[in-house]
Amino acid sequence: MNHSFQQLRLDAVGRKFDTVSGSAVAALSGLSLDIQRGEFIALLGPSGCGKSTALNCLAGLTSLTEGSIWLDDTRIDVLPPERRGFGMVFQNYALFPHMSVRDNVGFGLRMRGVRKDEIARRVQSALALVQLEGHEHKLPGQLSGGQQQRVAIARAIVIEPPVILMDEPLSNLDAKLRIEMRAEIRRIHRQLERATIYVTHDQDEALSMADRIVVMRTGAVQQIGAPREVYGRPNNLHVARFMGYRNVLDCRLVRQAGDGLLIERNQVQLNGTAIGDLSGRQEVAIAMRPDDFEIADDGQANNINATVKTLEFGGRDSLLLVATDLGDLYVRLPGAFAPGDRIRLRIPADRVLAYAEAA
Ligand code: ATP
């Protein structure tokens, strides 16, 4: 496939599966996305949202039932997987257990009939890129999980694919290694300058690795944006909840001036920020992250009296469940607290997001 491509385009891609009862269920629908060369895209969502179906459609392992996929001007969804030549990395590494690291990595090149000296050169350079030089003769079983995943990455990149597809590649690794490998995969991506499409259900992974995140739910795209955008301005309550806005409450909309709002619940008034069009609404739902609260100084606006109910100590800070007139809230604060403590909280108006939905 075209190595010097500039853009991978998904145009209203959809995939339906027939069920036993005879009706068709959409595992994926209406996925439109232009991916530039050099971009790192995360497909993020809970189990069953269609992430793997999207990746399999790209790889050619699943056919589309709607839409098309293009690499620049070439329509590729009609091509078999081997003609697309995308690199794939799976959760379970999928290495050949009886083959050495070198043979695993060189497998795709041997299948393509590449000359022996060329294979040796490219395998060596792929192993150098994933920092596995010196392990060429080992079997996968003699390597750690992290090293095995590096072999799988080397095997995917040795064929010099225009696009690399990764399906939850870090979920079998322990927490510390997972975090190290995030940076490692980013580094490899930057050096290769191709496009990476990375499936995960882990928000932190998506936020820390991706240039853009595609948030999905039941086969449909909910939001596409840079990590900062999706994190700071989720465009509906589903995305908000998924991004950690644990406090979601129905409120009355008292007044609105532009995006600025005054909302009320149980006689507590708060300034908030409209997400989307709230014109004509009297009821809204607000979403607030535990991390956006702080202890209020005297005279500060947007404060709420609270009593600590329970707490979960977390090292630098604690996650408190507090009772307030708004209702129970989760807040994350540094410092020492005990159940029964009375505190005054504050949250900035731009961190109280209001939606035209019910909580
Ligand atoms: P997970 O993280 O659990 O793998 P996912 O987000 O990758 O989930 P998909 O595997 O893409 O989700 O599945 C999306 C939906 O499509 C699910 O409801 C699933 O049951 C259904 N589905 C996927 N593949 C098939 C198939 N071959 N036949 C029928 N239904 C399928």
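**A hairpin and its surroundings**

Author: Strand β9 (residues 212-217) and β10 run antiparallel and are joined by five bridges. The model is a predicted one. Within this pairing, V214 has I224 in β10 as its bridge partner. The two strands, β9 and β10, form a hairpin with two residues between them. In the turn, T218 has a positive phi of about 35°.

The hairpin may next be placed in the chain. The domain assignment divides the protein into domain 1 (7-238) and domain 2 (239-355). The contact between them takes twelve residues from domain 1 and 13 residues from domain 2. On the side of domain 1 that touches domain 2, β10 (220-225), α8 (227-232) and α9 (237-242) each supply at least two residues. The C-alpha centres of domain 1 and domain 2 lie 38 Å apart.

A record gives a further boundary. UniProt, in an unreviewed entry, places the feature "domain: ABC transporter" at residues 8-243. That span is 37% helix and 27% strand, and its end C-alpha atoms lie 27 Å apart.

The ligand site comes next. The residues that surround the ligand are F17, A27, G45, S47, G48, C49, G50, K51, S52, T53 and H201. Helix α1 (residues 51-59) contributes three residues, the largest share of this shell. By class, the shell around the ligand has three nonpolar, seven polar and one charged residues.

Another antiparallel arrangement deserves attention. Five strands form an open sheet in the order β15-β19-β16-β17-β18, with antiparallel pairing. Its edge strands are β15 (294-295) and β18 (327-334), each of which pairs on one side only. Inside this order, strand β16 (residues 303-313) and strand β17 (residues 317-324) pair in the antiparallel sense over seven bridges.

Conventions:
Residues numbered from 1 in each chain as written. Predicted model: local features only at pLDDT ≥ 70, side-chain atom pairs only at ≥ 80, totals over all residues. Near = placed C-beta within 6 Å. Helix = DSSP H or I, 4+ residues; strand = E, 2+ residues; numbered from the N terminus. Nonpolar A, V, L, I, M, F, W, Y, C, P; charged D, E, K, R; others polar. Domains from an automatic or database assignment. Contact = placed C-beta atoms within 7 Å. Pairing = 2+ DSSP bridges. UniProt positions renumbered as here; feature names shortened; annotations may be inferred.
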